[in-house]
Amino acid sequence: MHSPLSFLTMFFIVPMLAIAQTPQSQKELREDRMQALRVAYFVEELSLTPEESSHFWPAWNEEEEKLRAHGDAIRAIETQLKSTESDAEAAELVQELKQLHLASVELRHLAIDRIAVFIGYRRAGMIKQVEREFRTRVMKRRMKGSESSKGQRIDDRRSRGSQRY
């Protein structure tokens with residue numbers, strides 16, 4: 001479906017663009033790079049045209065922010081639930097959590113409806129899967145990088161032999 005060359009381009013060219021930007025903190029650079037990779041991946045996987053992208057990204061970023069804020073509210077209640085001492089209070093929090101989870105499903109459906117206006121339901125329905133695939137690829141790449149750097153450090157120590165300082 002997609003050429004390996006386009007995927008390689010996404011992972012090697014986009015980082016160079018991030019480096020060419022004005023100096024920022026390492027965290028900001030990583031976030032910018034990740035966002036650029038994510039945009040490139042979404043554009044390719046969803047086959048977004050430039051016109052569709054110009055409508056899709058502002059709407060999707062807004063919807064994602066709503067979902068993120070909702071997720072933060074869920075996590076806050078889960079944290080409260082950990083420290084609760086009475087069953088009655090825990091039952092109250094669990095009910096609140098249930099309501100938030102149901103609302104979360106509705107938020108996702110509304111987001112898909114909004115995005116479908118720009119790219120159609122077929123592609124809007126693929127967003128969750130595309131996001132999951134992107135995260136999986138990123139994690140696999142990180143794991144692979146971390147394994148190779150560990151092996152590199154061991155090899156470096158071996159190649160030095162017994163050195164005296």
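1. How many nonpolar, polar and charged residues does the lining of the largest pocket have? Counted by class, this lining has five nonpolar, four polar and nine charged residues. The model under discussion is a predicted one, and the points below should be read with that in mind.

2. The largest pocket has a volume of about 560 Å³. Its lining consists of 18 residues. Those that lie nearest the centre of this pocket are W60, E64, L67, R108 and R135.

3. At least two residues of it come from each of α2 (26–45), α3 (50–83), α4 (87–124) and α5 (127–160). The helix that gives the most is α3, with seven residues.

4. The second largest pocket has a volume of about 240 Å³. Ten residues line this pocket, and R30, R33, M34, V138 and R142 lie nearest its centre. Here α2 and α5 each supply at least two residues of the lining, and α2 gives the most, with six residues.

5. What classes of residue make up the lining of the second largest pocket? There are four nonpolar and six charged residues in this lining, and no polar ones.

6. The packing of the helices may be considered next. The axes of α2 and α3 are 12 Å apart, and the two helices pack at an angle of about 125°. The crossing in which α2 passes α3 is right-handed.

7. Which residues make the contact between α2 and α3? On the side of α2 they are Q35, R38, V39, F42 and V43; on the side of α3 they are S53, F56, W57, W60, N61 and E64. By class, this contact has six nonpolar, three polar and two charged residues.

8. For α3 and α4, the axes come within 10 Å and cross at roughly 170°. Angles over 145 degrees count as roughly antiparallel, so α3 and α4 are roughly antiparallel to each other. Their contact has 19 nonpolar, five polar and nine charged residues.

How values were computed
Residues numbered from 1 in each chain as written. Predicted model: local features only at pLDDT ≥ 70, side-chain atom pairs only at ≥ 80, totals over all residues. Heavy atoms only, no water. 1 Å grid on protein atoms, 1.4 Å probe; cavity = no way out; pocket = protein on both sides within 12 Å on 5 of 7 lines; lining within 4 Å. Points joined across faces, edges and corners; volume = space filled by probe spheres on them. Helix = DSSP H or I, 4+ residues; strand = E, 2+ residues; numbered from the N terminus. Nonpolar A, V, L, I, M, F, W, Y, C, P; charged D, E, K, R; others polar. Axes fitted to C-alpha atoms, helices over the stretch in contact; angles between N-to-C directions. Left-handed = near helix turned anticlockwise from the far one by under 90°. Contact = heavy atoms within 4.5 Å. Parallel < 35°, antiparallel > 145°, perpendicular 65-115°, else oblique.
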